Amino acid sequence: MTAAAEPRVVRRETSPVLAFLGRRLLGGLVALFVASILIFAALNVLPGDPASVILGRNATPQAEAVLTKRMQLDRPAAARYADWLGGFLHGDLGLSAVSLAQGQHETVWHQISGPLKNSAILAAIAALFMIPLSIGLGVIGPIYSGKAVDHAISILSLGAIALPEFVTGSLLIGVFFVGLDWLPPVAIVPPGANPLDNPSELVLPVLTLLFASLAAGVRMVRAGMTEVLQTEYVQTARLNGVAERRVLWRYALRNALAPSVQVLAQNLQWLIGGIIITESVFAYPGIGTALVNAVQNRDVTVVQSVAMLIAVVYVLLNLLADLVVMLLVPKLREPA
Amino acid sequence: MSDALRFLRTPSGAIGGGIVLFVVLVAALGPYLAPHDPTAPVGIPLTGSSSHAWLGTDFLGRDVLSRVLNGGRSVIGYAAAATVLAYLVGMAIGLIAGYTRSMVDPVLMRTVDVMLAFPPLLFLLVLIAGAGTSITVLIIGVAAIQAPAISRIVRTATLEVSTRGYVEAGIARGERAFAVVGREVLPNILAPVLVDAGLRFTYSILIIASVNFLGLGLQPPNSDWALMISENRTYIQLNAFSVLVPAAMIGLLTIGINLTGDAIARSLGRSYVPRTTRSVTS
Amino acid sequence: MSAVAVEPVVRVENLCLGLQSGEPVVDGVTFSVGPGEIVGLVGESGSGKTTTALSLLGYTRRGIVVRGGTVEVGGESVLGRDRRALRGLRGNTVSYVPQDPGGALNPSMRVGDAILDVLRAHRRGGAAAESVRAALERVELGRDPRFAGRYPHQLSGGQQQRVTIAMACVCDPPVAVLDEPTTGLDVLTQDRILAELRRLRDEDGMAMVYVTHDLAVVSQRADRITVMYAGRVVENGQASDVLERPRHPYTRALVEAIPDFRKPRALRGITGVSVGVGEWPNGCAFAPRCAYEQTRCHETVPVLEETVPGHHVRCLRWMELDLQAGERSNGRAAGVAVESAPLLEVSGLEARYRSSRSGAPAVADVSFAVEQGRCVALVGESGSGKTTIGRCIAGLHVPAAGTISFDGVPIAGTARRRPLEVRRRIQIVFQNPFESLNPRQRVRSSIIRPLRVLRRLSRAEAEREVGELLERVKLPARLGERFPVELSGGERQRVAIARALAARPDLLVCDEVTSALDVSVQAAVLELLQELQRDLRLSMLFITHNLGVVACIADSVLVMDRGSLCETGTVSEVLAQPSHDYTRRLLAAAPCLPDGAL
């Protein structure tokens, strides 16, 4: 990028870490703001009249008029957008459009709080395995470059990265349920129950999630490590007699970590995408299932709030990755 | 041309190319080979393999083999259309941003940043929730997901190539921007830009199939591999073929394309790794 | 310094290295290094010099295998040792200084820790911090006690290189291998590093093997010089002997190809291209390019013979050839100012880059003129703004202020806004020949383009002229059908010159056109440019950082320092009696041959 080559202005008395994070935070907020406009526009402006869309085949002029009034659709879109965003910032996600159409007043939060918790648990377990495994498997390959371990990791990950979650999930069900009958094909958690109460149900969803994201992570960590091992500082250290173990840890791995962190952040984001599909495969009552149901039911208020929440998580992950990278790369910690 | 096909001589290129050829042939010729009408019931639902229906019947009693033979065209066709559209748009944006280096550049790139800060599948679901389920929405949506990353790669490549002597010589001759880009820039950025085409095509297939699986893309009674998995997975114990065969077809297709792409990239001297699109130092 | 009497610290005998596929890379290399001796290992790209030097560390690049011979360092054999033994040797008995200091330091490690790492690899316990400080002091970085706590990115290129030197000497090894350690540095820093290395040798007695492609760099600092060509040592002896009485035609040609501002002369390039791995001809590898070659040279590989004690040469004809009697033509006619109308006039030029937030312009208030048929050199270090001036003249960068007049008429900043005639009459040749030709087009198409666009020739007329133009730059017409990848750097630069000549220009802007080329190729390209200038009455603006090149080609010179002109005058005035301090420092630091050299 050209910007990297530009001489940076020395800002007086500002910690570069804070300045950098401040810039990133600002960038994230701008991205979220633009995203909120796009989401709202896509759901409220694109198809024309939301009321008829939500009601679908049941639409009658009377029902539409009632729903228009309940959802305050007669007000200008900009005002409704402001209401929604203002409410969102205060933690008020509003009422479910479908429940309004049915004459009820169920809040969006009530609909998604349970699924949100379930999804968080699923994602956390997957991440817990994915992060150390990605780094471990990604680093081993280049160290044993050209050996059988390296080829095996390389080919397996190339294959795994290409499989969509619903294919992986279906194949896993085919093996572990239809074939071996070891594990249940679904992970149905009753409302209010803790998904951890029945851990065997979580095995296949976690494996499915791990499969693709782990492969992507391994490949990218591996690429970073390969690149670092070819740098001149690794060569110079070796040629001046520094012990191989020290070269691998302090010279190679240490410098491969920063790009790996970004890769892992990206992977966690993919995990979020993968979770939508995986939950559908196993009928797991998480936020992904809730979102898909809402899309099918055209529950625009639920869709826009869930989409916004996921976008926020996305941006937070980026920010967290930036922070860790700052701590790993000395060059970024100070003004040029 | 033999140089361009050099990748076929590597093991992963030969295997990957063979797999892709097989799946594409099945998808293209399948409809003519199918023994039954893919949308009409031919027997009792969810029977196993028989001489009448080699792969058994699905949950509505339709022939699984005929549905598999008919189910590949749509996903491959839509994915190809979306990928081509993404390249057209992404390359136009990237070339303008990279070559002019004017105010267009920062504005475009910030827009791209916002797009990249949004989960792709979520983007597509929101779009579908707003605009309804239709093939046009699906193709435009997938192209819109891919175009930003392409434009960014094109921009970087263009920026780099634009400082080369042959481009500057063209500018110094006073040639029009269109002529310089067409003659000097474009031919030299195609290779690095198209190296990822295989990966992007896989990704298009992946995401279109996923949307079909969720029931938000192609609608029944169409025969589509992803849709078949989604329809029959509840009954996987009764006729596993109805789920596992279409799953294997999708898996073979994406793995085959990935292997081929990897071999092509290697023969061009680059390791096939999806680049991180963000950079902390920028 | 004659150190032949004592036991050498490095002894390489009949070393043969090759690719796994069988092609030889290094063939029968023999040389030795006495204690405290600096040996310059000189050769063009592909000569096997780096491969040879790295073998002293027991290191071979991937794909290269040892075929035979012995390498002894500090009395210990290096080849065939296991990794553990090699690790004990490296840094302790023989250490390594890399080419690119910026890339050679761990970006996440404080420089003191990097030096400490090398120390810890070989010495247990003791006053480690003290040793690190001492090592930094030896490379003149000891003044600031906080220096050891800095990260590499906080240092200048020269400081980074001195840190790598400190790493290489912290364990007091008897010998160090230096792999082109000053190649990426500017002239002033290079000179300082060289002086420091010399001091390290004088004070601590560390012997050095200094690998370089530039004979001039080592000519004044090395005790002995070993010249390699196509994987073999062709000449080897005391530095003064090699430079003053070269016995091998290749060495002589190399010496004659060095542009030296103190001895301006017509440079003579070596014809042909240096051979790469796998292309070695039968017999003497240099024979195809040699001016003295005979039939037998193509049949027999000469052996390395001793001419006088300590001086070896690998040439069948060394006895009969008298290589010192080469005529010394005296370069250019003295730069007497001939009154002629200025073709190009630049006045009050100021240029900025949008990305520069510091606000300082890249070029500030620069005024000069280029007269008809004259060659003006624009000299400065990287970042001085000299290239920006060339780009402004070519219409590639719009000046922030000032005017550029061509033939008395002010011209627009962007090429598009200039009349066709002006665009045709001003042509530019770029620095990097590997990036200046479109790799997707045949040479012919690259040359046809300006003929069509700037001279409005028909396709048939243009096709006809291509051969003529290639001939002008001394390339065979059949090269027109090739793609740039099939050409060497020198050939590509000739094509780029032909492309510029196609427009029949009056003014040629040459932007560092030889800096990416080997010395022998550089001489040939300069020779060509001189001839073209004379025959076509071209005016030239020659941008370079090399004062030797200036002395060879230019009539007058402009010296740039940080964006503005600090000194102008005729070449003889400026080089003989520099008035500005910066010019004086540049001249003092410029690598040049010792007095007695050819």
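Visitor: How many helices and strands are there in chain A?
Guide: In this predicted model, chain A has 14 helices and zero strands. Read from the N terminus, its elements run α-α-α-α-α-α-α-α-α-α-α-α-α-α.

Visitor: What box do the C-alpha atoms of chain A fill?
Guide: Roughly 85 × 65 × 30 Å, taken along the principal axes.

Visitor: And how much of chain A counts as buried?
Guide: Of its 336 residues, 52% count as buried. Chain A exposes about 15,200 Å², and carbon and sulfur atoms supply 66% of that area.

Visitor: What share of the contacts in chain A comes from residues 24 or more positions apart?
Guide: Such pairs account for 72% of the contacts with a separation of 6 or more.

Visitor: Charges in chain A: how far apart are the mean positions?
Guide: There are 22 positive and 20 negative charges in chain A, and their mean positions are 10 Å apart.

Visitor: Switching to chain C. Which domains is it divided into?
Guide: Domain 1 covers 103-172 and domain 2 covers 342-589. The centres of these two domains of chain C, taken over C-alpha atoms, are separated by 42 Å.

Visitor: In what order do β1, β2, β4 and β5 of chain C sit in their sheet?
Guide: The order is β2-β1-β4-β5, in an open sheet with antiparallel pairing. In chain C, β2 (24-33) and β5 (76-77) stand at the edges; each has a single partner strand, so one side of each lacks a neighbour in the sheet.

Visitor: How many bridges between β4 and β5 of chain C?
Guide: Two, with β4 (residues 64-73) and β5 of chain C paired in the antiparallel sense. In β5(C), C:S77 stands opposite C:E72.

Visitor: What about the sheet with β13 of chain C?
Guide: That one is also given by four strands in an open, antiparallel arrangement, in the order β14-β13-β16-β17 of chain C. Its edges are β14 (363-371) and β17 (409-410) of chain C, each with a single partner strand, so one side of each is left without a neighbour in the sheet. Five bridges join β13(C) to β16 (residues 401-406) of chain C, and the two run antiparallel. Among the pairs, C:S347 has C:T403 in β16(C) as its bridge partner.

Visitor: Where is C:A341?
Guide: C:A341 lies in the loop between β12 (311-313) and β13 (342-351) of chain C.

Visitor: Buried or exposed, that C:A341?
Guide: C:A341 is exposed, because its relative accessible area is 52%, and the cut-off for exposed is over 50%. Beyond residues up to four places away in sequence, C:A341 touches C:E371 and C:Q372. Its C-alpha atom is 9.2 Å from that of C:G408, which is 67 residues away along the chain.

Visitor: What is C:P484 in contact with?
Guide: Leaving aside neighbours within four places in sequence, C:P484 contacts C:L437, C:N438, C:P439, C:Q441 and C:R492. C:P439 is 45 residues away in sequence, and the C-alpha to C-alpha distance to C:P484 is 5.6 Å.

Visitor: Last one: which residues of helix α19 of chain C are buried?
Guide: In α19 (residues 581-589) of chain C, the buried residues are C:Y582, C:T583, C:L586, C:L587 and C:A589. The buried residues of α19(C) pack against α7 (187-204), α17 (547-553), β21 (556-561), β22 (564-570) and α18 (571-576) of chain C.

Terms used
Residues numbered from 1 in each chain as written. Chains lettered and ligands numbered in written order. Predicted model: local features only at pLDDT ≥ 70, side-chain atom pairs only at ≥ 80, totals over all residues. Heavy atoms only, no water. Domains from an automatic or database assignment. Buried < 20%, exposed > 50% of the residue type's maximum accessible area, 1.4 Å probe, protein only. Contact = heavy atoms within 4.5 Å. Areas by Shrake-Rupley, 256 points an atom, 1.4 Å probe, with all protein chains shown as cover. Lys, Arg positive; Asp, Glu negative; His and termini not counted. Charge placed at Lys NZ, Arg CZ, Asp CG, Glu CD. Pairing = 2+ DSSP bridges.
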